[in-house]
Amino acid sequence: GTELPCLNEYLEGSMLSISQKSKRKKRERIGDGLDTENTPHELIHQWSPPHKQRVVCKGKENEENQFVLARRPRKRREFSGLSWDTLPDELLLGILSCLPLQDLLRMSRVCKRWHRLAFDESLWHSVDLVGNPQLDQALGQVLMAGVLRLRCPCTCIGEPHFTHTQHLRVQHMDLSSCTVSSPFLDDIISRCRRLENLSLEGLELSDWIIQSLSQNTELVRLNLCGCSGFSPDSLGEMLKSCSRLEELNLSWCDFSTDHVKAVVSNIPSNITQLNLSGYRQNLTMEDLKDLVERCPHLVNLDLSDSVLMTTSSFPILQRLQSLRHLALSRCYQIHPAALADFEKFPELQTLEVYGLVQDTYLPILSKSLPRLQINTRPFSGVARPTEATRRDRAMWGMTCRLVFRS
């Protein structure tokens, strides 16, 4: 049989044999004049980088010829990116504006510059602290950071410490049902001059706090539902100063007859939504007449739980040509059959008469008043930051960017 050629032998004329021949010739050219046993000193000098120090190895067997070791230089890797320190404040603020509240606070601990930028007032435009059980100094820091919207109902405020005496920038604030003492609440309100929407529902107030509210002449919505601890005089003075009020909730406060008269005598004439429910025998028919004469633009009026209201109030209420929402729940002196007279109110849209109409009579009443929605709003939303039927975290229709996540 035919024997296969050895793998180390190449065919004449093949590309592989040509390349091998050229390699051998190249080695022969390089080897001309070179010692076959020792590496020449001049050639190593030529190959070695000039900035590298030569290392000479000597030995007994190499006394005549010296070996020179050279290391190939490494290429330095140049960093082509940008450093955080080189970024301008405007760009860093744009990056920080995308962070949630907890991450923003962590970033503030990196260095002094980042701490300054992390508490820039542009980042603290709106803050929601619901879920934080104890605020203490955190509330003071947030307010001093220049927050415009602050939402923290049902929280324990504790003792907010302020490091300066400057006025706060806050315009919309919800402190409903918070745990806070009157002196610390007064310390907060006394620093406010630009409030437009405020809710202090369920809090124990004082004359000092009501007087501090008088300095916020831009108030549009004020919710003092269930509040107590202030006099009729301070209440009347506050209503005179806050002449831009459009929505006012004074329901179920610890009011006397004098408190009610202070309200109907000093309430701003441009008020459109008013809740005066819960005053039983303290709200009289004369008070209603004064109120209608003073506030002819009322759109939403709640007089629930006023047992002195009778059917004689209907002609008085009919003077309110813009009235669309009326609540007379548990006004027990109004006979259910008399409710059919509300057909004479052309602009009226909703009527709340809980406790006056039994469920069996409600279809008959609805048929006689086809234009009206009857008993569809069990809870009043006048001046309240968040209606009871809503589950979002907005206040007065505005959301907060920074939200506390427990």
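The questions and answers below concern a predicted model of one protein chain and set its computed values against the criteria behind each term.

Q: What makes up the secondary structure of the chain, and how much of the chain counts as buried?
A: The chain comes to 13 helices and 14 strands, and of its 406 residues 42% count as buried. Its accessible surface is about 23700 Å², of which 50% belongs to carbon and sulfur atoms. Among contacts between residues at least 6 apart in sequence, 61% join residues at least 24 apart.

Q: How do you know which confidence the predictor assigns to the chain?
A: The mean pLDDT of the chain is 83, and 79% of the residues reach 70 or more. Over residues 1-20, however, the pLDDT is below 50, and this stretch has 7 contacts in the model beyond near neighbours in sequence.

Q: How do you know where the buried residues of helix H7 lie on the helix?
A: In helix H7 (residues 182-189), the residues Leu185, Asp186, Ile188 and Ile189 are buried. Seen down the axis of H7, these buried residues fall within an arc of 160 degrees, so they line one face of the helix. An α-helix has 3.6 residues a turn, and so residues three or four places apart point the same way. What covers the buried residues of H7 includes helix H6 (137-144), strand S5 (172-174), strand S6 (197-199) and helix H8 (207-213).

Q: What makes the rings of Phe230 and Phe255 a pair, and which kind of pair is it?
A: A search of the whole structure finds 5 aromatic pairs. Ring centres must lie within 6.5 Å, and planes over 60 degrees apart count as edge-to-face; the centres of the Phe230 and Phe255 rings are 5.9 Å apart and their planes stand at 90 degrees, so this pair is edge-to-face. The pair links distant parts of the chain, with Phe230 in the loop between strand S7 (221-223) and helix H9 (232-241) and Phe255, 25 residues away, in the loop between strand S8 (247-249) and helix H10 (257-266).

Q: Why is the pair of Phe342 and Phe345 called tilted?
A: Planes under 30 degrees apart count as stacked and planes over 60 as edge-to-face, the rest being tilted; the planes of Phe342 and Phe345 are 45 degrees apart, with 5.0 Å centre to centre, and the pair is tilted. Phe342, at 0% relative accessibility, counts as buried, and Phe345 is likewise buried, with a relative accessible area of 5%.

Q: What makes the contact of Asp89 with Arg116 a salt bridge?
A: The criterion asks for a side-chain nitrogen of Lys or Arg within 4 Å of a carboxyl oxygen of Asp or Glu, and the side chains of Asp89 and Arg116 meet at 3.4 Å, N to O, in a salt bridge. Asp89 lies in helix H3 (residues 89-96) and Arg116 in helix H5 (residues 112-118), so the pair ties together parts that are 27 residues apart in sequence. Asp89, with a relative accessible area of 24%, is partly exposed, and Arg116, at 46%, counts as partly exposed. A network of salt bridges links Asp89, Arg113 and Arg116, and by this rule the count comes to 12 salt bridges.

Q: How do you know which parts of the chain the salt bridge of Asp287 and Lys261 ties together?
A: The closest N and O atoms of Asp287 and Lys261 are 3.2 Å apart in this salt bridge. Asp287 lies in helix H11 (residues 285-294) and Lys261 in helix H10, so the pair ties together parts that are 26 residues apart in sequence. Asp287, at 2% relative accessibility, counts as buried, whereas Lys261 is partly exposed, with a relative accessible area of 38%.

Conventions
Residues are numbered from 1 along each chain as its sequence is written. This is a predicted model: local features need pLDDT of at least 70, side-chain atom pairs count only at pLDDT 80 or more; totals for chains, interfaces and linings use all residues. Side-chain values use heavy atoms; hydrogens and water are left out. Buried means under 20% relative accessible area, exposed over 50%, partly exposed in between (1.4 Å probe, protein chains only). Helices (H or I, at least four residues) and strands (E, at least two) are DSSP runs, numbered from the N terminus. The arc is that of the directions from the helix axis to the C-beta atoms. Contact means heavy atoms within 4.5 Å. Rings of Phe, Tyr and Trp (its six-membered ring) pair if their centres lie within 6.5 Å; planes under 30 degrees apart count as stacked, over 60 as edge-to-face and the rest as tilted. pLDDT is the predictor's confidence in each residue, from 0 to 100. Accessible areas come from the Shrake-Rupley method with a 1.4 Å probe; for residues, only the protein chains shown count as cover.
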